[in-house]
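Here is a short briefing on one protein chain. Please keep the sequence and the 3D view open while reading.

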Amino acid sequence: MRGAATRSVAKYLQLERDLLSAIERRDREGIGRVLAADFEARSAASPDATPAADWLQAQLAAPARPRVVRDLWVREFDDIAIVSFVLDDASPPRGRRPETRFVVDVWRQSSAQLLTRNVDVSAHPRPVPPRPSGRE
């Protein structure tokens with residue numbers, strides 16, 4: 001994100017960060033409140049949709065690793081918001097390259113619930129942009 005974030009970008013950036021934080025803390029109830037009853041996840045790795053219970057179980061079974069949301073973009077249509085972003089490993093396991101994922105989430109705006117998540121792991125992760133040092 002460059003420049004000032006729009007209200008929608010700020011709102012969904014916070015929702016995405018809150019969800020990541022709940023996953024890192026293993027907060028099953030917190031994650032469950034965000035997921036719609038008919039939530040499903042899809043990925044390029046499998047042609048089948050993953051229902052909420054299976055997705056949640058996989059998230060809680062995976063090793064907790066901090067991740068960073070960047071390049072978030074939002075399009076709003078009536079009660080639906082389509083949110084896409086890049087998700088990077090903040091600190092990859094020793095000896096492994098950081099993993100970069102491209103995520104497209106569909107949110108119901110009125111309830112702030114996640115309806116679907118579509119994820120693709122990048123074969124060639126982009127380098128994380130450097131933080132400005134203030135000397136530029």
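The buried residues of α3 pack against α1 (7-25), α2 (28-34), β1 (35-43), β2 (46-51) and β6 (113-121). The model is a predicted one.

**Helix α3**

- Which residues of α3 are buried? In this helix, which spans residues 52-61, they are Ala52, Trp55, Leu56 and Leu60.
- These residues lie on the same side of α3, because they cover an arc of only 130 degrees around the axis.
- The general rule behind such a pattern is that an α-helix has 3.6 residues a turn, so residues three or four places apart point the same way.
- Gln57 and Ala61 are exposed, and they sit on the face of α3 turned away from its buried side.
- The partners of the buried residues of α3 include both helices and strands, among them α1 and β6.

**Valine 69**

- Valine 69 belongs to strand β3, which covers residues 67-77.
- Is valine 69 buried or exposed? Its relative accessibility is 8%, so valine 69 counts as buried; the cut-off for buried is under 20%.
- What does valine 69 touch, leaving aside neighbours within four places in sequence? Its contacts are Leu13, Glu16, Leu20, Phe85, Val86 and Leu87.
- One of these contacts, glutamate 16, is 53 residues away from valine 69 along the chain, yet their C-alpha atoms are separated by 7.7 Å.

**Arginine 65**

- Arginine 65 is placed in the loop between α3 and β3.
- Arginine 65 counts as buried because its relative accessibility is 16%, and buried means under 20%.
- The side chain of arginine 65 makes a polar contact of 3.3 Å with the side chain of aspartate 89.

**The whole chain**

- Three helices and six strands make up the secondary structure of the protein chain.
- In what order do the elements run? From the N terminus on, the order is α-α-β-β-α-β-β-β-β.
- The protein chain has 136 residues, of which 34% count as buried.
- Take the contacts between residues at least 6 apart in sequence: 52% of them join residues at least 24 apart.

Terms used:
Residues are numbered from 1 along each chain as its sequence is written. This is a predicted model: local features need pLDDT of at least 70, side-chain atom pairs count only at pLDDT 80 or more; totals for chains, interfaces and linings use all residues. Side-chain values use heavy atoms; hydrogens and water are left out. Helices (H or I, at least four residues) and strands (E, at least two) are DSSP runs, numbered from the N terminus. Buried means under 20% relative accessible area, exposed over 50%, partly exposed in between (1.4 Å probe, protein chains only). Contact means heavy atoms within 4.5 Å. The arc is that of the directions from the helix axis to the C-beta atoms. A polar contact is a pair of N or O atoms within 3.5 Å; within protein, one must be able to donate a hydrogen and the other to accept it, and residues adjacent in sequence count only if both atoms are side-chain atoms.
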